[in-house]
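Trainee: I would like a close look at one part of this model. Please take me through a helix pair and what surrounds it.

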Amino acid sequence: MDNDVSAGSTTTSTLGHLALGLTLLAFGLGNTGVIDHVAAADTAALATWVGGVALFTTGLLALRAGNGGEGTAFAGLGAFWFTWGTAVGGGASAEASGLFLLVWSLLALTLTASARGTGLMGQGVYGLLFLSLLSSGVGAFAETGVLTKAGGWAAALAGLAAWYGATATVAKWPTLQGRAAGRGVTATG
């Protein structure tokens, strides 16, 4: 295997954030109901293959190269998206769906806490993902569309943030990342 694709490299990180961003954006928009005749379940194939397989593979590459943080995040989220994508529409009860989302929100909470100092690409994306999964899980238990829609908007915002961060890295646009973000200093990706 080519060692040029190393942990923390622009290639691995960018691919992971693009896969996460596109999946979150599609899932979020599906949950908001903002596009007629498009529901979250309609994003199952994207969630399975882009959010699941591509993200998991990117996580394994990061782990292989020694980046435990990115590797854990991408592999863990890849497992989440693959499981969600293959199970959606399978006839699970609202309570089972809610429990699934709430349990996985704990991974997002762990990623949020461990991404301290990473700015928008870290804590912002993972924090919004946590809010999305928490809102969607509670919404499934309560069988209320309001919380599910709120979770959808949080996922869509997280997706946009992850997508922008990855695109900014490739296009060499300015981003606020890491400790520089806390000081209001613009750093380029």
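Trainee: How do the axes of helix α2 and helix α3 cross, and within what distance do they come?

Mentor: First, the ground rules. This is a predicted model, so local features need pLDDT of at least 70 and side-chain atom pairs count only at pLDDT 80 or more, while totals for chains, interfaces and linings use all residues. Residues are numbered from 1 along each chain as its sequence is written, and side-chain values use heavy atoms, with hydrogens and water left out.

Now the pair. Helix α2 covers residues 44-64 and helix α3 covers residues 68-87. Helices here are DSSP runs (H or I, at least four residues), numbered from the N terminus. The two axes come within 7 Å and cross at roughly 155°. Axes are lines fitted to C-alpha atoms over the stretch in contact, with angles from 0 to 180 degrees between N-to-C directions. That crossing makes α2 roughly antiparallel to α3 (the word applies to angles over 145 degrees). The crossing is left-handed: the near helix is turned anticlockwise from the far one by less than a right angle. By class, the contact has 14 nonpolar, 11 polar and one charged residues. Asp, Glu, Lys and Arg count as charged; Ala, Val, Leu, Ile, Met, Phe, Trp, Tyr, Cys and Pro as nonpolar; the others, Gly among them, as polar.

Next, the rings. The whole structure holds eight aromatic pairs (ring centres of Phe, Tyr or Trp, its six-membered ring, within 6.5 Å). One of them joins F27 and W81, 5.2 Å centre to centre with 70° between the planes. This pair is edge-to-face, the label for planes over 60 degrees apart. F27 lies in helix α1 (residues 10-32) and W81 in α3, so the pair ties together parts 54 residues apart in sequence.

Key. Helices (H or I, at least four residues) and strands (E, at least two) are DSSP runs, numbered from the N terminus. Angles under 35 degrees count as roughly parallel, over 145 as roughly antiparallel, 65 to 115 as roughly perpendicular and the rest as oblique. Rings of Phe, Tyr and Trp (its six-membered ring) pair if their centres lie within 6.5 Å; planes under 30 degrees apart count as stacked, over 60 as edge-to-face and the rest as tilted.
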